[in-house]
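Please look over the protein shown here.

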Amino acid sequence: MRINAFADVCLRALMLLSASPEGELLTTQAIADGVGTPYNHVSKAVLKLRSLGLVEAVRGRSGGVRLSARGRTTTVGWLLRELDEREDLVECESTEGRSCPLNHNCGLRGALRRAREAFYRELDGIVVSSLPHQSQMEPVFVMLHTRRPELPR
């Protein structure tokens, strides 16, 4: 299974925010620099994460984004389910709007739905904030010139 680019950016942003000292605000630009993704993509991701209650945004000159309490406990599986807007993994209609002639009582769609759910279930046990490690995040915080929290090695 493959996650889409938007979900990837959301996961990276949450990992960076969870590795930041608790309560510290990061600008959207700092997040974009830290995860190596264009600002406009990160900006959209932050808006979505905020609407899900995973981050808090503080406006103003010294504002920024920080992880919310809910964001500290969210799992990878839950987040990917929330971000997955596809109804099915296969396209059962052509671009011309014609249905697949094999669509009637098709077993493939159901099997792929179950496989996708199994993928998410496997990730339900992984809390996003448990993923970042010191050796992984230290170079990012050095680049961003921010304080580095102590993380597991």
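**Basis**

This is a predicted model, in which local features need pLDDT of at least 70, side-chain atom pairs count only at pLDDT 80 or more, and totals for chains, interfaces and linings use all residues. Residues are numbered from 1 along each chain as its sequence is written, and side-chain values use heavy atoms, with hydrogens and water left out.

**Overall fold**

The protein has seven helices and two strands. Helices (H or I, at least four residues) and strands (E, at least two) are DSSP runs, numbered from the N terminus. Along the sequence the order is α-α-α-β-β-α-α-α-α. Of the 153 residues, 39% are buried. Buried means under 20% relative accessible area, exposed means over 50%, and partly exposed lies in between (1.4 Å probe, protein chains only).

The protein exposes about 9,400 Å². Carbon and sulfur atoms supply 51% of that area. The areas come from the Shrake-Rupley method with a 1.4 Å probe; for residues, only the protein chains shown count as cover.

A contact means heavy atoms within 4.5 Å. Among contacts between residues at least 6 apart in sequence, 64% join residues at least 24 apart.

**The core**

Which residues touch the most other members of the largest nonpolar core? They are L14, I31, L49 and L79, in a core of 29 residues. Helix 1, helix 2, helix 3, strand 2 (64–67), helix 5 and helix 6 each supply at least two residues of this core. Helix 1 gives the most, with nine residues. A nonpolar core is a set of buried Ala, Val, Leu, Ile, Met, Phe, Trp, Tyr and Cys residues joined through side-chain atoms within 4.5 Å.

L79 touches L11, L14, L49, L52 and L54, leaving aside residues up to four places away in sequence.

**Helix 5**

Helix 5 spans residues 76–83. Its buried residues are V76, G77, L79, L80 and L83. Seen down the helix axis, they fall within an arc of 165°, so they line one face of helix 5. The arc is that of the directions from the helix axis to the C-beta atoms. An α-helix has 3.6 residues a turn, so residues three or four places apart point the same way. The cover over the buried residues of helix 5 includes helix 1 (5–19), helix 3 (39–51) and helix 6 (107–123).

**Single residues**

Four residues are listed here with their relative accessible areas.

| Residue | Relative accessible area | Class |
|---|---|---|
| T37 | 12% | buried |
| V58 | 32% | partly exposed |
| F119 | 25% | partly exposed |
| Y120 | 5% | buried |

T37 lies in the loop between helix 2 (28–35) and helix 3. A polar atom of the T37 side chain lies 3.3 Å from the backbone oxygen of V35. Not counting residues up to four places away in sequence, T37 touches V9, R12, A32 and V42.

V58 sits in strand 1 (residues 55–58). V58 and T27 are 31 residues apart in sequence, yet 9.5 Å apart in space, C-alpha to C-alpha. Beyond residues up to four places away in sequence, V58 touches L25, G63, G64 and R66.

The structure holds one aromatic pair. F119 and Y120 form that pair, at 5.7 Å centre to centre and 55° between the planes, which is tilted. Rings of Phe, Tyr and Trp (its six-membered ring) pair if their centres lie within 6.5 Å; planes under 30 degrees apart count as stacked, over 60 as edge-to-face and the rest as tilted.

How values were computed
A polar contact is a pair of N or O atoms within 3.5 Å; within protein, one must be able to donate a hydrogen and the other to accept it, and residues adjacent in sequence count only if both atoms are side-chain atoms.
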